[in-house]
Structure formats: structure tokens, C-alpha cells
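Dear colleague,

Please read them alongside the model.

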Amino acid sequence: SHTLENYFNNEKGAFLQARLAEGILKTLIKYGPIAIEQPDNYEARANLMWCSSLAINGLLSCGASVGWCVHPMEHELSAFYDITHGEGLAILTPHVLEYALNKDNAWKYVEYARNVFGIEGTEDLEIARDAIRATKDFFKRMRLPSTLSEVGIDDEFFDIMAEKAVTYKRESGTTMRAAVGQILCETVSYAGCFLIAFLLIIIILTVIGNLPNLSYKLPRLDL
């Protein structure tokens, strides 16, 4: 879902970011079911770990206007009910894709359909709906729920969850300046930690190397 949130944006010029996201999605589709059936399969788990690292390290969203519409809603689901973050995202994502689809953004769904699932066709909206159906089918293969009722959620808290989701989205909006500032701060922090660690290693190695040259004299005792 982190990859999908970054992938579905309106930036047609973010070509490389989109292709990277599609590569991650195809890898997930290939190895996800294998990991379910063979939990000890190292190749599958290793590739999935790479996907999870690349999905939200900032690379896919760089240069693209990303909405992050699904996550604020899901945060409320898993806050009010005993479900995992992934289960909530699996339920919501296809429905949000269906809700957001229109003739103006269908081109992005078509990219998704053709480049990730290999779906062909001539009518954009129908291709887009096929892609959403393929997404649902994949989530089912991963043994994930597809409706709120499957995980015991009714409409009791809908109003308050909706209010909290909107508030969260409004307050967590990130400007480009803030994003760049955050990246710079993190980079400086990492560089500083690396430099301190490097200096400590040099000091330790220097001390160890000089140990044979150190002499300690014990005081003479006249007994």
C-alpha cells in the first residue's frame, strides 16, 4: 500500500519513479504468495524486505505530488478495532481506487494495469476496472480480508473516525520546503553519526596498536 499510495499521482513526468514503483509491485506479486506458502523461503523473504525498504524511503515520492489518502482512514480503523495495519489497507485500497477513478485520471490506472498485471484493452475505464479487480484478487491470494464486515467492523464509529481521519490529513500535510528540510536534517544526522563512529573506531584502533609500547612501573616495595 505504501507503494500504491506513492504510485497513484498525477505527475506524468515522474517516469522513473513510476517504473520503480511498478518493479516493486511486480516483485510483491511474484514473491508474496511464495512467502505465504513457504515462510522459510529466503529468496522470497529477502525480496519482500527489499520492497518494504524501497516503498517508503522517499525515493518513489520524490518529484511527485502524493496524496496519501488511504493511510489516514486506515489509521482510524486499526485504532478503534483490533486489526493490523495491513488488513485495513487491503480492505480500503481497492475501494478508494474505485471511488477515485474518472476519465481524467484513468491513464494512470491503465499504466498500472498494463505494466504491473499485463492487462490489455482499448477502453481506458474498463482497463482501469480490470486492474482494480486484479488488485482485489491478489489481496485474496494473500489471504487478506476485503470487507469491513469480515473483520467485525460496523458503522458505529464511522462519524468520529471520518472526523479524525480528515483532521490527521489536514494537520500532517507536508510542504515541499518542509520535506526538503527534513531530508537535509536526516542526512546531516546520519553523516554526524557516521563521523563520530568513524572517529571512535580510529581512537580504539590507535590505543590497541600502542598497547605493546605502554609500560607500567610498579612501586618498589622493601619488605
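In these notes a residue is called buried under 20% relative accessible area, exposed over 50%, and partly exposed in between (1.4 Å probe, protein chains only). This is a predicted model, in which local features need pLDDT of at least 70 and side-chain atom pairs count only at pLDDT 80 or more, while totals for chains, interfaces and linings use all residues. Residues are numbered from 1 along each chain as its sequence is written, and side-chain values use heavy atoms, with hydrogens and water left out.

The structure contains ten salt bridges, the term meaning a side-chain nitrogen of Lys or Arg within 4 Å of a carboxyl oxygen of Asp or Glu. One of them joins E111 to R19, with an N to O distance of 3.2 Å. Since E111 belongs to helix α6 (residues 106–117) and R19 to helix α2 (residues 15–37), the pair ties together parts that are 92 residues apart in sequence; helices here are DSSP runs (H or I, at least four residues), numbered from the N terminus. E111 is partly exposed at 24% relative accessibility, and R19 is likewise partly exposed, at 22%.

A salt bridge also links E98 and K136, whose closest N and O atoms are 2.8 Å apart. E98 sits in helix α5 (residues 85–100) and K136 in helix α7 (residues 124–141), so this pair ties together parts that are 38 residues apart in sequence.

Finally, E120 and R114 form a salt bridge at 3.7 Å, N to O, in which E120 is exposed at 59% relative accessibility, whereas R114, at 34%, is partly exposed.

Technical notes. Helix = DSSP H or I, 4+ residues; strand = E, 2+ residues; numbered from the N terminus.
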